[in-house]
Structure formats: structure tokens, C-alpha cells
Amino acid sequence: MRPGDEYFVPSPLPGVERLMLDREGGEVARATSIVRYAPGSSFSTHTHGGGEEFLVLEGTFADELGVYPAGTYVRDPPGSSHAPWSEPGCTLFVKLLQFDAGDLQRKVVDTRAGQWLPGLVEGLEVMPLHEFGTEHVALVRWAPGTIFQPHTHYGGEEILVLAGTFEDEHGSYPAGSWLRSPSLSRHRPFTREGCTIYVKVGHLPA
């Protein structure tokens, strides 16, 4: 998905709409979505049987357990429940029903205050967010002109471009782009202008 491909559809609750990036199932589904809350909107109490992972992209999201401004990364494990709302409105990147059955840790990370670590090549910085088994989730910041070596993704790779433009030999992906590459896919990523991405690897079946 690239900017301009957006098609939001209403959720069962007024003021909440979703851009379906990937979905398997009905209202309760294994899903990856962009979710928008209008100012003052809320969602009724519900349980995430397979867990929920989200990154607040804009605005402020809230539930009984806390308030999550833009830049907050949250993992609510399988069996968790809440009744979320947003006073100013917000936009979230959300993944549902995608937890390993043994991954039961709740996690809240304020990425605005997180520590950036040196990456594997010059110009790359990484902020680890979560890991369990073969799955690794991080924010990665690329300086302009950074080039990464060709590599294979065992367990696949999923990327949401948060800022700038991410590139590889297959195309150019501006901010707002979402891409998922299957297990054993291979590429040589780079960026000319610089970018920041959310990236998850090692989570897709072979």
C-alpha cells in the first residue's frame, strides 16, 4: 500500500474507521489496519483473544490503563480487554490476533524517549521495541544516503514507512507506505533522502 491507496471503512462504532491492510476473518479477525478515531469517539469494551499490537501515529489514544500520545508503542497480550477512546482524535497502526501463544507480556514504549542504538551499517540507528522467539520489532532510522547490504528475510519482513522515503531495487516507498515481504524474500534496501520505518521480521510462516 502506498499513499493515495487509502480507503477507510466504518467500524461498528461511530467515529471509528479502518483502512484494511490485511485481514483474515470477519469482525474478529487476524488483521493489520490503520485505525482512525474522530475527536471524542470511543469503542465499547472488547477482548483481544489473540492479542493487540499498536503504534500511535497521530493524536492521543487512551484506555483504562493509560494515555498514549503519538509515538507510543503498545502490546496487549492475548486475553486482554479494554474500552478505548480518544478525546482529540488519533490514528493508529494496529495488528490483531498475531501474537505467539506464549507471548504474554504487556508492553508500553514511549518511542519519543527511547534510546537509539547503532545499526549494522553507517547511517543506521535502531530502537528495539519487542522480541519473542524469532519475531523482532523495532523502529529504524536511516540517514540520507544510507545503503544496506543485500540480505534474506527468514520469517519475512513487514514495514510501515513513518517518515521520509524507503527504497530498494523493487521500488520507492514514501511515508505512509506499508509493505510485507514473505519468508526467504531478498532485497538491498537504501534511502536517498533518509527515512524512519517501523519494521517487524521473523514472524511470517516459511
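1. Leaving aside its neighbours within four places in sequence, which residues is Ser185 in contact with? In this predicted model, the residues in contact with Ser185 under that condition are His151, Thr152 and His153. Ser185 itself belongs to strand S20, which covers residues 185-187, and its side chain reaches the backbone oxygen of Pro182 at 2.7 Å. The relative accessible area of Ser185 is 15%, and because the limit for a buried residue is under 20%, Ser185 counts as buried.

2. Turning to the salt bridges, the count comes to 12. One of them pairs Asp103 with Arg75, with the closest N and O atoms 3.0 Å apart. Asp103 sits in the loop between strand S11 (90-96) and strand S12 (107-110), while Arg75 is in strand S8 (residues 72-76), so this pair ties together parts that are 28 residues apart in sequence. Both partners, Asp103 and Arg75, are buried.

3. Arg75 also forms a salt bridge with Glu135, where the closest N and O atoms are 3.6 Å apart. Since Glu135 lies in strand S15 and Arg75 in strand S8, the pair ties together parts that are 60 residues apart in sequence. Glu135 is buried, as is Arg75.

4. Glu135 in turn meets Lys200 through their side chains, in a salt bridge of 2.8 Å from N to O. Here strand S21, which holds Lys200, and strand S15, which holds Glu135, are the elements involved, so the pair ties together parts that are 65 residues apart in sequence. Lys200 and Glu135 are both buried. Through shared partners, salt bridges join Glu53, Arg75, Asp103, Glu135 and Lys200 into one network.

5. The largest pocket has a volume of about 600 Å³, and its lining comprises 26 residues, of which Leu120, Val126, Val140, Val199 and Val201 lie nearest its centre. By class, this lining divides into 17 nonpolar, seven polar and two charged residues. Among the strands that each supply at least two residues of the lining are S14 (124-132), S15 (135-142) and S21 (195-201).

6. The largest cavity holds about 40 Å³, and its lining has one nonpolar, three polar and five charged residues, with Asp22, Arg30, Lys95, Glu158 and Arg180 among the lining residues. The second largest cavity has a volume of about 30 Å³, and its lining includes Glu53, Arg75, Lys95 and Phe99; by class, that lining has three nonpolar, one polar and three charged residues.

Note on methods:
Residues are numbered from 1 along each chain as its sequence is written. This is a predicted model: local features need pLDDT of at least 70, side-chain atom pairs count only at pLDDT 80 or more; totals for chains, interfaces and linings use all residues. Side-chain values use heavy atoms; hydrogens and water are left out. Helices (H or I, at least four residues) and strands (E, at least two) are DSSP runs, numbered from the N terminus. Buried means under 20% relative accessible area, exposed over 50%, partly exposed in between (1.4 Å probe, protein chains only). A polar contact is a pair of N or O atoms within 3.5 Å; within protein, one must be able to donate a hydrogen and the other to accept it, and residues adjacent in sequence count only if both atoms are side-chain atoms. Contact means heavy atoms within 4.5 Å. On a 1 Å grid over the protein atoms alone, a cavity is a set of points where a 1.4 Å probe fits but cannot get out, and a pocket is an open set with protein on both sides within 12 Å along at least five of seven lines; lining residues have an atom within 4 Å of a point. Grid points are joined across faces, edges and corners, and a volume is the space filled by probe spheres set on the points. Ala, Val, Leu, Ile, Met, Phe, Trp, Tyr, Cys and Pro count as nonpolar, Asp, Glu, Lys and Arg as charged, and the others, Gly among them, as polar. A salt bridge is a side-chain nitrogen of Lys or Arg within 4 Å of a carboxyl oxygen of Asp or Glu.
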